[in-house]
Amino acid sequence: MSQTAYRTHHAVEVTEELVGQKVTIAGWVDRRRDHGGVAFVDVRDNTGLVQVVIYDEETARPLRSEFVVQVTGEVRLRPDGNENDHLATGKIEIVAQTVTILAKSDALPFQVSTALENESENKLPSEDVRLKYRYLDLRRPSMQRNLKLRSNMAKAARHALEDMDFTEVETPTFIKSTPEGARDFVVPARLVPGSWYALPQSPQLLKQLLMVSGVERYYQLARCYRDEDFRADRQPEFTQLDMEMSFASQEDVMAMAERVIAAIWKEAGHEITLPLPRITWQEAMDKYGSDKPDLRFGNPLIELTDFFKNTPFRVFQASYVGAVLFKGGAETPRRQFDAWQDWAKQRGAKGLAYVVFGEDGELKGPVAKNLSEEERAGLKEAVGAEDGDAVFFAAGSRESSQLLLGAVRVELASRAGLLHPDEFAFTWVVDFPLFKRTDDPDDDDVAVGHSKWTSMHHPFTMPSADWIDKFDKDPEHAMSDSYDIVCNGNEMGGGSVRIHRDDIQDRVLNVLGIDKAEADEKFGFLLEAFKYGAPPHAGIALGWDRTAAILAGASSIRDVIAFPKAGGGRDPLTGAPAPISDEQRAETGVDYDPEEDE
């Protein structure tokens, strides 16, 4: 029982077992309905609603939406026929004896009533308005559920990790700037003019130092910061569940992470069958056009490079030609196919080639007339199509073409209603390349002294066992001991076996074009630590916001964050970021000029 000075029960605790008893509840007026001298008031707290019956018109008249009230009264069963099966408290009501207004509410900028929310999310205002009045938006039951879900996720993860003998350790948020793939947020150090702290993009180096320190099994719900250009599913500050293990292999970490994920999903009422399936990075790209494939549906990509190897169609005379099947697509109007071209161009493609197989078996569409008779005759079988289907094509470099077709595949599934948010399709993506190119492979004019390579994950990722002796001789094909966990087309998290030997670390940095002086300047503290007995170690981090969004069925991570930022990192609620005064600026030392001290 949730008894405090203001209540004896929360709303959902008022059940049939309390009929005939006096209770006191406290919460917000969700809505009021007047029926000839009797008022029915729904009172809402963070557990749900309970109906209050007020027979005194003078008591009920002042009550408005979002007034904060305390109600004392007797619990009774609702009259026959008046039950509400959609409400946890739908069989009972409270007959008010006293109603105390604890706080009044001004007219609302938008309604947060449970009844309105259940009718349609379209009644909500723009997201900027919701974020400006986030404290009102969070009163909505769906938002309360999201916050409670997130809290329960953390509880389940902590229990699972503690059962595996992990230790929770907090790492600092004022650190030295290190290269991790994105811009750092930096903070001026007032006491050391001209010097700066960086906010961590992740605790990567610090958790590796904890392994050197003998912690062996570490975890943390870590706040992280990245100064990136705005993207719909990114926030400048975010949370990740960070985990690291000493004397552990890739298999050990993946097994541990599966136990954590299963515990989180079980807390939310879902059972997961372990072990989770796996797919290689190359297979994911070839079959699904994505390194985070959505496996809630089939329809894999079809490679047609060999099929079109002698094609007269110049567009298909490419290093890669692929396709994706559009079931029933022959009925699509021409204007919709034109809209697909615009859709593709928004993603950086020149367009989206297609053909349709008419109900009469005739091959139609802009591409059809450019194909040879042999290609026209064999295409249907090559793509597994039937009369009435359509096929989209992409041709060019393998990666860019596969990425386009992968996006087409997901868009087709979305339009067909196949992306069910309450269905969870997990997979591990393994066998990632160690490096990726930073230049055009066909361009020989590469600046001297700059590497052609960057890390696929980060510079501290261990090459796979087969590549330890030769990764720097053939970086294009070198593979790594790294792994991502994917759910419903979202990368939930990623990790790797870490480099614990300084000789391997030196060679990796050399491939990346980072010399010893630069390495010592940026993360010399880690390299020095490796000289004092660093154990083999590996880890993983789960994106906490994205994981919560997947479980909640939310379309945006902003719906599972209490106070998120809007576009461009703006905070409509507090007005951040904002200018500071001249006095503050002077105190920070941001304008410090070391030459003035000479």
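The legends below describe close-up views of a predicted model.

Local features are reported where pLDDT is at least 70 and side-chain atom pairs at pLDDT 80 or more, while totals for chains, interfaces and linings use all residues. Residues are numbered from 1 along each chain as its sequence is written, and side-chain values use heavy atoms, without hydrogens and water.

**View 1. Domain layout of the chain.** An automatic or database domain assignment supplies the bounds: domain 1 (11–103), domain 2 (147–280 + 427–559) and domain 3 (297–419). Between the C-alpha centres of domain 2 and domain 3 the distance is 37 Å.

**View 2. Trp544 and Arg546 in helix H14.** An unreviewed UniProt entry lists a "binding site" that includes Trp544 and Arg546, along with Arg226, Asp227, Glu228, Gln235, Glu491, Gly543 and Asp545. UniProt positions follow the numbering used here, feature names are shortened, and annotations may be inferred rather than shown by experiment. Helix H14 covers residues 544–552; helices (H or I, at least four residues) and strands (E, at least two) are DSSP runs numbered from the N terminus. Trp544 is buried at 2% relative accessible area, where buried means under 20%, exposed over 50% and partly exposed in between (1.4 Å probe, protein chains only). Beyond four places in sequence, Trp544 has contacts (heavy atoms within 4.5 Å) with Arg150, Met153, Ala154, Ala157, Leu221, Thr239, Gln240, Leu241 and Ile264. With the same exclusion of neighbours within four places, the contacts of Arg546 are Asp233, Arg234, Asn490, Glu491 and Ile557.

**View 3. Thr24 in strand E1.** The strand spans residues 22–35, and Thr24 is buried, with 13% relative accessibility. The side chains of Thr24 and Thr72 form a polar contact of 2.8 Å. Such a contact is a pair of N or O atoms within 3.5 Å; within protein, one must be able to donate a hydrogen and the other to accept it, and residues adjacent in sequence count only if both atoms are side-chain atoms. Residues up to four places away aside, Thr24 touches Tyr6, Arg7, Thr8, His9, Gln70, Val71 and Thr72.

**View 4. Helix H11 and its packing.** Among the buried residues of H11 are Leu404, Leu405, Val408, Arg409 and Leu412. The buried residues pack against helix H8 (281–288), strand E13 (320–326), helix H9 (334–345) and strand E16 (390–396). Gly417 follows H11 and has a positive phi, near 70 degrees.
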